[in-house]
Amino acid sequence: MNTIQLERECRSYARYLIGQAPSAYVIGKYRDFHLESDAAASALDPFDHFLVRVSARAPFWARMADTYATRLRKNSAVHRKLVLMLALLECAPSSFAIVEQVQGGGAAGAAVLLGWEAARYALVLVISIAIFTPVRLAMALSSRSGPAEAREH
C-alpha cells in the first residue's frame with residue numbers, strides 16, 4: 001500500500017472530521033493499521049478506489065464522498081476509513097477534546113446548528129449524486145464491456 005496516499009487520506013479525513021491536521025501519532029497509527037491489517041488489504045472494486053482517491057484530495061471531497069457513500073455505498077471503503085479515522089482522533093491525546101466538544105448556545109443554538117447541517121447535507125448529497133453517479137455508471141458499463149470485447153477478439 002502506498003504510504004504517501006495513506007498519509008494524504010489521513011490528513012484530508014482529519015481536516016474533514018475535526019477541522020485541523022492530524023498529529024504525527026494519528027498519522028502513524030492510520031498508516032500502521034493499513035499496512036498491518038488484513039481487513040485493510042481487502043480487494044476494492046474500481047469505484048471504491050475512485051472514491052478513496054477523490055476523498056483524499058481535500059476535506060471538501062472527503063465530505064462529498066462520505067455523503068454519497070452514507071446513502072448509496074454503505075459498505076464502501078471510504079466509510080470504513082472515516083470510521084477508523086474518527087476512532088483514532090477520539091483516542092489521540094491531541095484531538096479527543098475536539099471530537100468530544102459540545103457546541104454552546106443551548107436549545108436554540110442546537111436547533112439552528114441542526115437546521116444548518118441538515119440543509120448542508122441535503123445540498124452536498126444532491127451535488128455528490130450528480131457527480132459520482134455518472135462515474136459509477138460509466139465504470140460499471142466499462143467493466144461489463146471489457147471482458148466481452150476480449151472474448152470477441
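Helices (H or I, at least four residues) and strands (E, at least two) are DSSP runs, numbered from the N terminus. By that rule the protein has seven helices and zero strands. This is a predicted model, in which local features need pLDDT of at least 70, side-chain atom pairs count only at pLDDT 80 or more, and totals for chains, interfaces and linings use all residues. Residues are numbered from 1 along each chain as its sequence is written, and side-chain values use heavy atoms, with hydrogens and water left out.

**Whole protein**
- Of the 153 residues, 32% count as buried (under 20% relative accessible area, 1.4 Å probe, protein chains only).
- Among contacts (heavy atoms within 4.5 Å) with a separation of 6 or more, 75% come from residues 24 or more positions apart.

**Helices α1 and α2**
- The axes (lines fitted to C-alpha atoms over the stretch in contact, with angles from 0 to 180 degrees between N-to-C directions) of α1 (residues 3-18) and α2 (residues 24-36) come within 9 Å and cross at roughly 130 degrees.
- That makes α1 oblique to α2 (angles under 35 degrees count as roughly parallel, over 145 as roughly antiparallel, 65 to 115 as roughly perpendicular and the rest as oblique).
- Residues of α1, including Leu6, Cys10 and Tyr13, meet residues of α2, including Val26, Ile27 and Leu35.

**Helices α1 and α3**
- The axes of α1 and α3 (residues 46-55) come within 9 Å and cross at roughly 65 degrees.
- On the α1 side, Gln5, Glu9, Ser12 and Tyr13 meet Val52, Arg53 and Ser55 of α3.

Key: Buried means under 20% relative accessible area, exposed over 50%, partly exposed in between (1.4 Å probe, protein chains only).
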